[in-house]
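Hi,

Here is the structure I promised to pass on.

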Amino acid sequence: MRRRSLLSASLGLGTLAGLGYVGVNRATPSGLALHAGSAQAFGTTVTIQVLHPDPASAQAAITAALQQVSLVDALMSVHQPRSQVYQLNAQGQLNHPDPHLLAVLTYARQLSNQTGGAFDITVQPLWQAFSQAQANGQLPEPLALARVRALVNWQGVTTQPDQIELAAPGMAITLNGLAQGYAVDLALAALRAKGVAHALLDTGEFGVIGTKGSDQPWVLGIKNPRQTDALTARVPMDGRALCTSGDYETFFSADFSHHHIFDPATGDSPTPLASVSVLAPTGMMADGLSTAFMVLGADKALALAARLPRVDALLIHKNGSQQRTADFPELSA
């Protein structure tokens with residue numbers, strides 16, 4: 001699905017490969033042991049690091065959290081034929097939607113309202129148009145793109161407890177701008193239910209519980225959008241989720257002017273920003289806002305962030321200049 005926008009700078013743990021639970025017998029400053037697990041979901045490797053004194057309890061917690069991540073992926077994938085999102089897009093309606101899907105669609109509508117439609121889950125036909133054209137080494141023709149853009153309308157998604165319906169044939173939704181963040185929220189809840197007091201979770205979006213030991217925060221690095229092996233900022237995590245959207249994650253032109261984030265008003269990618277990182281109280285909020293802020297542009301994004309409790313953002317323009325909210329936390333290099 002996407003994405004590797006941040007680099008973990010937590011405990012120096014290397015990339016975790018494979019499925020299931022991986023125990024790491026490493027002492028930490030607090031005297032707890034570090035345990036880690038990973039699984040494939042959202043087209044990437046999801047990893048969890050837990051500090052816990054008991055290996056069996058840590059393993060049970062990690063397994064429960066990864067099950068929640070897999071649940072969200074199975075429900076909301078645009079690629080898996082058994083997912084409810086896939087079925088909705090294929091049939092134009094879905095009976096008996098899962099409560100998790102309804103929860104995400106409810107927030108999607110709220111965010112669309114907050115952003116004046118800048119966030120819109122019905123941009124999936126635009127993604128399909130650009131992907132198909134790219135397969136032929138091209139960009140979509142303007143007339144064809146205009147026809148596809150006519151299908152984009154977040155208000156055309158009708159949600160009832162027992163049915164979801166799309167207003168017009170050819171409409172389709174994507175929850176790629178919310179699902180990974182929502183998975184963070186469910187996974188962290190599962191860890192807490194198992195008694196975990198300290199954890200770092202990476203679904204492509206990041207969430208934390210507690211600290212990494214000795215009252216030191218988990219620290220995450222935000223990539224430079226034009227030098228993705230370099231860091232732009234180091235962020236001490238304070239219990240909020242951190243999500244980044246960028247034009248470099250999936251792009252359709254070498255100059256990054258056409259990429260996987262779409263402005264519903266134009267049918268093409270927004271042009272001013274290269275990346276946006278958002279800290280928010282929940283993973284789903286941080287995920288959705290990072291996408292919405294890319295579309296809104298810096299001035300409107302910063303104005304909206306100022307109205308939302310406990311939301312901070314770092315915005316990087318295509319020319320490399322930066323803007324951020326006043327309280328965006330950052331460590332010196």
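This is a predicted model: local features need pLDDT of at least 70, side-chain atom pairs count only at pLDDT 80 or more; totals for chains, interfaces and linings use all residues.

Before the notes, one definition: on a 1 Å grid over the protein atoms alone, a cavity is a set of points where a 1.4 Å probe fits but cannot get out, and lining residues have an atom within 4 Å of a point. Points are joined across faces, edges and corners, and a volume is the space filled by probe spheres set on them.

Numbering starts from 1 along each chain as its sequence is written, and side-chain values use heavy atoms, with hydrogens and water left out.

**The cavity.** One cavity of 30 Å³ or more turns up, and the largest cavity holds about 90 Å³ of space. Its lining is made of L105, A108, R109, S112, D120, I121, W154, V157 and T159. The elements giving two or more residues to that lining are α3 (99-114) and β6 (157-160); helices (H or I, at least four residues) and strands (E, at least two) are DSSP runs, numbered from the N terminus. The largest share, four residues, comes from α3. By class, the lining has five nonpolar, two polar and two charged residues (Ala, Val, Leu, Ile, Met, Phe, Trp, Tyr, Cys and Pro count as nonpolar, Asp, Glu, Lys and Arg as charged, and the others, Gly among them, as polar).

**Around β13.** Strand β13 (residues 273-280) is largely enclosed by the rest of the structure, because eight of its eight residues are buried (under 20% relative accessible area; exposed is over 50%, partly exposed in between, with a 1.4 Å probe and protein chains only). β13 pairs antiparallel with β12 (residues 241-246) over six bridges, and with β14 (residues 312-317), also antiparallel, over six bridges; pairing takes at least two DSSP bridges between two strands. S245 sits opposite V276, while S277 faces L314.

**D247.** In the loop between β12 and β13 you'll find D247, buried at 0% relative accessible area. Its side chain makes polar contacts with the side chains of R226 at 2.7 Å and K318 at 2.5 Å (N or O pairs within 3.5 Å; within protein, one must be able to donate a hydrogen and the other to accept it, and residues adjacent in sequence count only if both atoms are side-chain atoms).

**R147.** By contrast, R147 in helix α5 (residues 142-149) is exposed, at 58%.

Cheers

Conventions:
On a 1 Å grid over the protein atoms alone, a cavity is a set of points where a 1.4 Å probe fits but cannot get out, and a pocket is an open set with protein on both sides within 12 Å along at least five of seven lines; lining residues have an atom within 4 Å of a point.
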